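Let's take a walk through a protein together, from a space inside it to some details at its surface. Keep the picture at hand as you read.

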Amino acid sequence: MTRTAIDYAAVYHALPGMVAILTPGLVYADVNEAFLEGTGLSREELLGRYLFDVFPDNPNNPSSSGARNLHASLLRVVATGERDTMALQRYDVESRERPGEWEERYWSPVNTPVLSSDGSVVLIVHRVEEVTELMRARDRAGIDQGRVLEAELYTRARELQELNHRLRQAHARERQVALVLQEAMLPAPRQVGHHRAAVRYRPAVGALNVCGDWYDLVDLVGGHRIGVSVGDVVGHGLEAAGVMGQLRSALTAASRVAAGPAEALDVVGRYAHVVDGAESATVVTTFVDFDRHTITYSSAGHLPPVLVHRDGRVEFLDRATDPPLDALPEPAPRSEATAAFTPGSTLVLYTDGLVERRREDIDTGLFRLAESLRRHRTQDPESLADSVLLELLPPGGAIDDTALIVVRL
């Protein structure tokens with residue numbers, strides 16, 4: 001059977017419902033025929049124009065909130081990359097025949113993001129259904145019945161909108177408290193021994209999945225050695241921040257007395273068995289010995305550290321990876337491996353928010369990271385960290401927590 005090519009542009013313009021395509025800056029990129037018919041405007045009057053220049057709020061109605069509500073919905077879509085279904089809105093429109101006069105209109109909008117390969121929002125599908133005739137049913141069904149219908153619909157819509165607003169406020173408060181708690185528990189950026197280090201944490205923009213990522217830098221006992229670690233706790237908000245703090249503290253203490261990183265993770269893995277919320281948490285830890293010029297490492301289900309050599313060679317430290325913390329029914333000895341480095345090389349640890357993208361193979365993100373590190377390897381750690389984040393994170397911000405450590409060896 002021969003598959004017929006589909007002209008999606010023709011399908012879009014033939015859709016029976018009113019659909020507009022907006023840029024993230026809320027400028028009309030395209031509209032279908034139903035949208036033109038429903039608004040009474042021409043394509044030239046819409047394309048390339050800012051939405052709220054075309055459809056402002058009714059200046060004669062101080063309580064008018066349609067434009068404000070729609071603007072907030074569209075910004076949420078851009079920030080979160082998720083669809084936003086709005087409550088029924090009263091959004092008056094200026095009369096085409098009588099400029100200066102505004103017609104009472106009611107709309108049911110749904111705003112859906114179009115995502116790029118890296119998860120950023122490139123377009124917004126703005127679909128609206130006009131329900132003005134339904135609201136005017138009182139004129140046909142009798143004044144009393146019509147008023148009841150209008151009051152019921154509009155009241156329920158406003159209640160739903162207010163509930164959504166309260167939920168978003170509660171989420172924002174919890175998110176802020178969790179971020180403050182996490183910041184208090186993570187170590188401050190500092191120089192480790194005589195070696196420069198840079199740390200970065202970027203919370204997910206407008207999302208719940210924040211405060212599970214963490215990092216640690218610790219001076220080790222015996223010789224010229226440091227421990228460098230990153231981890232990721234499954235979950236979000238205050239619970240994830242609390243679990244993160246417990247696991248980081250446990251690893252810091254274990255690293256100071258353990259013979260190597262595998263033994264340190266063995267201890268933390270046993271501890272994770274009694275910590276609610278530590279299930280499937282991942283962590284990678286490295287012991288850097290500056291006297292022997294070696295990095296000994298062990299990973300509990302985490303993405304591999306990167307060793308960037310001075311000549312530009314990029315080495316993923318991936319020869320000692322075991323299941324996440326608390327993933328095994330019985331604790332088992334973990335593996336570890338050792339890599340050599342020359343002074344001036346760079347060690348980089350990170351969490352998955354830096355490299356993972358929706359509908360993209362993880363190897364693509366790792367390759368992107370390797371290329372960025374290779375290009376910027378001569379920069380100091382602070383500049384290198386900023387360059388990597390700028391190149392790898394989506395323009396609108398991280399879609400997942402991101403932690404990054406850069407250490408010049």
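**A look inside and around**

By class, the residues lining the largest cavity divide into 12 nonpolar, four polar and one charged. Before we go on, please remember that this is a predicted model.

The largest cavity has a volume of about 220 Å³. Around the largest cavity stand 17 lining residues, and those nearest its centre are Phe55, Tyr91, Trp107, His126 and Val128. Try to find these five in the picture. Which elements give two or more residues to this lining? They are α2 (33-39), β7 (106-115) and β8 (121-130). The biggest share comes from α2, which gives three residues.

Now let's turn to charged side chains. Side chains of opposite charge can pair when their charged atoms come close. In this model the count of such salt bridges comes to 16.

Next, look at Arg375 and Glu391, whose side chains meet in a salt bridge of 2.5 Å, N to O. Arg375 lies in helix α11 and Glu391 in helix α12 (residues 381-392), so this pair ties together parts that are 16 residues apart in sequence. Arg375 has a relative accessible area of 46%, so the residue is partly exposed. Glu391, at 34% relative accessibility, is partly exposed as well.

Salt bridges can also share partners: in this way Arg98, Glu101, Glu103, Arg105 and Glu130 are joined into one network. Arg98 is partly exposed at 41% relative accessibility, and Glu103 is partly exposed at 25%.

With a relative accessible area of 42%, Val11 counts as partly exposed.

Finally, let's look at the backbone. Most residues other than glycine have a negative phi, and most peptide bonds are trans. Leu26 is not a glycine, yet it has a positive phi of about 65°. You can find Leu26 in the loop between β1 (18-22) and β2 (28-31). Is Leu26 buried or exposed? Leu26 is buried, because its relative accessible area is 3%, and buried means under 20%.

His293 also has a positive phi, of about 60°, although it is not a glycine. The place to look for His293 is the loop between β12 (282-289) and β13 (294-300). His293 has a relative accessible area of 31%, so this residue counts as partly exposed, whereas Leu26 is buried.

Terms used
Residues numbered from 1 in each chain as written. Predicted model: local features only at pLDDT ≥ 70, side-chain atom pairs only at ≥ 80, totals over all residues. Heavy atoms only, no water. 1 Å grid on protein atoms, 1.4 Å probe; cavity = no way out; pocket = protein on both sides within 12 Å on 5 of 7 lines; lining within 4 Å. Points joined across faces, edges and corners; volume = space filled by probe spheres on them. Helix = DSSP H or I, 4+ residues; strand = E, 2+ residues; numbered from the N terminus. Nonpolar A, V, L, I, M, F, W, Y, C, P; charged D, E, K, R; others polar. Salt bridge = Lys/Arg side-chain N within 4 Å of Asp/Glu carboxyl O. Buried < 20%, exposed > 50% of the residue type's maximum accessible area, 1.4 Å probe, protein only.
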